[in-house]
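Here is a quick walk through one model, written for someone who likes to have the coordinates open while reading.

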Amino acid sequence: MRVNNMNDTPSSSPELSGTSTPARSDSTDNPALEVRHIRKAFRQRRGEMQVLDDLSLAVQPGEFVSIIGPSGSGKSTLFHIIGGLMPPGAGSVHMDGRDVTGQKGLIAYMPQQPALFPWRTVEDNVMLPEELRGVSKTQARANARQWIERAGLGGFEKAYPHTLSGGMQQRASFLRALMSPQEVMCLDEPFSALDALTRSEMQHWLLDIWEDTRRSVLMITHHIEEALLLSDSIYILSARPGTVLQKIEVPFPRPRREDILTDPAFLALKSDISSIMRQEQQKRQQVST
Amino acid sequence: MRSWWSLIWPPVGAVLFFLVLWQGAVWLWDIEPYILPAPSSIGLEMVSGSPVLLNHTLATLRLTLIGFLIGTGTGIVISLALHLIPMLRKALYPLLILSQNVPTIALAPLLMIWFGFGMLPKIIVITLVCFFPVAVAALDGLARTDRTMLNYMKMTGAGTWQIFTKLELPHALPSIFSGLRIAATYSVMGAVIGEWIGADRGIGYYMMLQRAGYRTDRVFVAILIIVLLSLLMVALIALLEKRLIRWSRKA
């Protein structure tokens, strides 16, 4: 069942040469981030294991895009390729129309675990990305404090991460990504380690902050409701080797509120996606048995 | 305050019990003082000889501190160089291990022959025993940097130097301190060995002198002072660690 295989990527656009850092892309009509026909295989003891197979997707400027798929569909590998940690077997990564395959430092990244530095206080953690960019410490700290206050972490500026709850740590980790000057944010299953209640609280918190800032976001998740609530579009990935099964546009207007969770259109989309994913899961089980 | 007391009294009680046993045995079997002096006579000797002992102790402490600083400094510099230059690590790591198989006690006289009786050969001895635990612990700590944090730093665009100063070094600090603690006790040992071989003052020198004169009580005094010096060094390191690593979960 391949409704939209995303092979219809736009024809190669003129290269923007001479710009060393990705500029905010409001003026151009290029996607903020585009992944074209990525393949990746890992060598194993017995032959090769294909992890990603001809995967293409795009994030428009200011768009919130989610990737949803069964575990083991190579989603984290995709992020490592986008982040420049490993080269793709084939295909390329583009930002604002420029080929940036294999380049590091072009995305704001939020890992699955909070991965806050335990020797830094909350504010020192949040100011880290600006510090890395050479922003003066006083300026970076002032910016960090502003966001900490706005994100409901006021009073915890001087706290060390291990004294915070899981939800608080994820907030700080998200703020750290938000403070990164790069336009595109990549969130790798940001709430997967949280309990259901904290998770839904965090989704609304993220929705509020994102609708204020409108950064371009690519988020990996397992959670269908979370993807629907937050995203403008959703890519459903297949089981390994991962490729795009279907792209879904989420029609709900912004700013979104909690009551869309019970909207009939929302529920219909939710059951559509879960049936696609269930079929994929079954196909995978049949293959493996 | 009560919990502190409940922590401290069992070892103190055990030591007191042991001392009473020792005193009793010496008294009961009338053991010659040149074979085994009673704890009481060791204590008395320590008090009566204190002005002389203080001079020797200070000399050893000075030597220990200088040697410790140079030795651990060397260890840290070596570990950083080997960590930042992987080629160097491959080439020199086996040599590092090998250096620890050369017995210090055999090497020390050679160092005296080469470098005379001054400060230098003694500091080399201390450096030889101190650098290794620090270098190995630091290398280990640097190599075991958290993968997620490392990936975060790389994706965010941090350079090698930024990754090193802002992630790897602070991450390795607890490991480095466990190496420093071991080096702290080794440094006292190294200083005493250095003084055995050739010195005109210091606890090691005092010990050799008294052993030659069969003043077993004074040898025991020297041992006691060496133990106290080791404890002092460990306490100094623990204090420094507490000041530098405030974020530790244990604290």
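## Where the two chains meet

Across the interface of chain B and chain A, the rule picks up one salt bridge. Keep in mind that this is a predicted model. The bridge pairs Lys166(B) with Glu131(A), and the closest N and O atoms sit 2.8 Å apart. As for polar contacts, four residue pairs are counted between chain B and chain A, with both partners at pLDDT 80 or more.

Which elements of chain B give two or more residues to the side that touches chain A? They are α7 (147-156) and α8 (160-197) of chain B. Of these, α7(B) gives the most, with eight residues. Sorted by class, that side of chain B has eight nonpolar, seven polar and four charged residues.

The size of an interface is often given as the accessible area lost when the parts come together. For chain B and chain A that comes to about 2,100 Å², and carbon and sulfur atoms give 72% of it. Three residues stand out on the chain B side: Tyr152(B), Met155(B) and Trp247(B) supply 39% of the area that chain B buries against chain A, more than any other three residues.

In residue terms, the contact takes 19 residues from chain B and 27 residues from chain A.

## Chain B as a whole

What is chain B built from?

## A pocket in chain B

Rolling a probe the size of a water molecule over the atoms shows where empty space is left. The second largest pocket has a volume of about 290 Å³. The elements that give two or more residues to its lining are α1 (2-29), α2 (39-48) and α10 (216-244) of chain B. The largest share, five residues, comes from α10(B).

If you want to select the lining, take Leu19(B), Trp22(B), Pro39(B), Ile42(B), Gly43(B), Met46(B), Phe220(B), Ile223(B), Leu224(B), Val227(B) and Leu228(B). How do these residues divide by class, and how many are charged? Ten are nonpolar, one is polar and none is charged.

Most residues other than glycine have a negative phi, and most peptide bonds are trans.

Pro255(A) belongs to the loop between β10 (244-249) and α8 (264-288) of chain A. You'll find Arg214(A) in the loop between α6 (196-213) and β8 (216-221) of chain A.

Key
Residues numbered from 1 in each chain as written. Chains lettered and ligands numbered in written order. Predicted model: local features only at pLDDT ≥ 70, side-chain atom pairs only at ≥ 80, totals over all residues. Heavy atoms only, no water. 1 Å grid on protein atoms, 1.4 Å probe; cavity = no way out; pocket = protein on both sides within 12 Å on 5 of 7 lines; lining within 4 Å. Points joined across faces, edges and corners; volume = space filled by probe spheres on them. Helix = DSSP H or I, 4+ residues; strand = E, 2+ residues; numbered from the N terminus. Nonpolar A, V, L, I, M, F, W, Y, C, P; charged D, E, K, R; others polar. Contact = heavy atoms within 4.5 Å. Buried area = accessible area lost by both parts, 1.4 Å probe. Salt bridge = Lys/Arg side-chain N within 4 Å of Asp/Glu carboxyl O. Polar contact = N/O pair within 3.5 Å; in protein donor to acceptor, adjacent residues only side chain to side chain.
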